[in-house]
Amino acid sequence: MADRGHQSPRSEAGLNDYRKRWGIACLFGDTKTRGLNLEGTHITNLEKLESLMLVVVLAITWAYRCATQTMGMKAIPRKSHGRREKSWFRIGLDALRDWILNCPKAATHAWLEKAPRRSMAISKYA
C-alpha cells in the first residue's frame, strides 16, 4: 500500500497543476453566473467587449481587495461538509456592494490601501 504522506514529485506536480486550473475555473465562475453575469450582456462588438473586460478586471480586483479588507489573512470558515461558506470573491463583492451604498470611504480605502500578499500555495488546512 502506498504511503500517502510521501507523494512522488510527478504526482505533486499534477496536483499543483490541478490547483492552478481550479483557480482559473473559479475566476471564470466569478465573472459568470456566480458573480458579474458577464454572459448576460450579449455584447458582440469587439471594442465594447474589450472595454467591458477592462471593467470586469477592475471589478474583480476591487472585490478581492474588499475581501482582504474584510477577512485580513484569515481563512474562510468551512461548513460541516468541508466546503467553504463563501468564496473569497463573494465575500469581497458583497462587501464592495455594501460599502459603495453605505460607506463609500471604506470602498475607496479598499481600493487604495496596499493589500497584503497572499500565498498562492494551497493548503488543505487553509
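1. Aromatic pairs. The predicted model holds 2 aromatic pairs. Rings of Phe, Tyr and Trp (for Trp, the six-membered ring) pair if their centres lie within 6.5 Å; planes under 30 degrees apart are stacked, over 60 edge-to-face, and the rest tilted. A pair of aromatic rings is thus described by the distance of the centres and the angle of the planes.

2. Trp 62 and Trp 111. These rings form an edge-to-face pair. Trp 62 belongs to helix H2 (residues 46–71) and Trp 111 to helix H4 (residues 104–112), so the pair ties together parts that are 49 residues apart in sequence. Trp 62 is partly exposed, at 25% relative accessibility. Trp 111 is partly exposed as well, with 35%. The cut-offs for these words: buried is under 20% relative accessible area, exposed is over 50%, and partly exposed lies in between (1.4 Å probe, protein chains only).

3. Tyr 64 and Phe 89. Here the ring centres are 6.2 Å apart and the planes stand at 45°, so this pair is tilted. It links distant parts of the chain: Tyr 64 sits in helix H2 and Phe 89 in helix H3 (residues 88–102), 25 residues apart. Is Phe 89 buried or exposed? Phe 89 counts as buried, at 1% relative accessibility. Tyr 64 is partly exposed, with a relative accessible area of 31%.

4. Salt bridges. The count is 3. The rule asks for a side-chain nitrogen of Lys or Arg within 4 Å of a carboxyl oxygen of Asp or Glu. Which residues are linked in a network of salt bridges? They are Lys 86, Arg 90, Asp 94 and Arg 97.

5. Asp 94 with Lys 86. The closest N and O atoms of this salt bridge are 3.1 Å apart. Asp 94 is partly exposed, with a relative accessible area of 26%. Lys 86 is partly exposed too, with 40%.

6. Asp 94 with the two arginines. Arg 90 bridges to Asp 94 with the closest N and O atoms 3.1 Å apart. The two are 4 residues apart in helix H3, so about one helical turn separates them. Asp 94 also bridges to Arg 97, where the closest N and O atoms are 3.9 Å apart. That pair is 3 residues apart in helix H3, again about one helical turn. Arg 90 is partly exposed, at 23% relative accessibility. Arg 97 is partly exposed, at 43%.

7. Overall fold. The protein has 4 helices and 0 strands. From the N terminus on, the elements run α-α-α-α. Helices (H or I, at least four residues) and strands (E, at least two) are DSSP runs, numbered from the N terminus.

8. Burial, contacts and surface. Of the 126 residues, 17% count as buried. Contacts are heavy atoms within 4.5 Å. Among contacts between residues at least 6 apart in sequence, 56% join residues at least 24 apart. The protein exposes about 9,900 Å², and carbon and sulfur atoms supply 60% of that area. Accessible areas come from the Shrake-Rupley method with a 1.4 Å probe; for residues, only the protein chains shown count as cover.

9. Basis. Residues are numbered from 1 along each chain as its sequence is written, and side-chain values use heavy atoms, with hydrogens and water left out. In this predicted model, local features need pLDDT of at least 70 and side-chain atom pairs count only at pLDDT 80 or more, while totals for chains, interfaces and linings use all residues.
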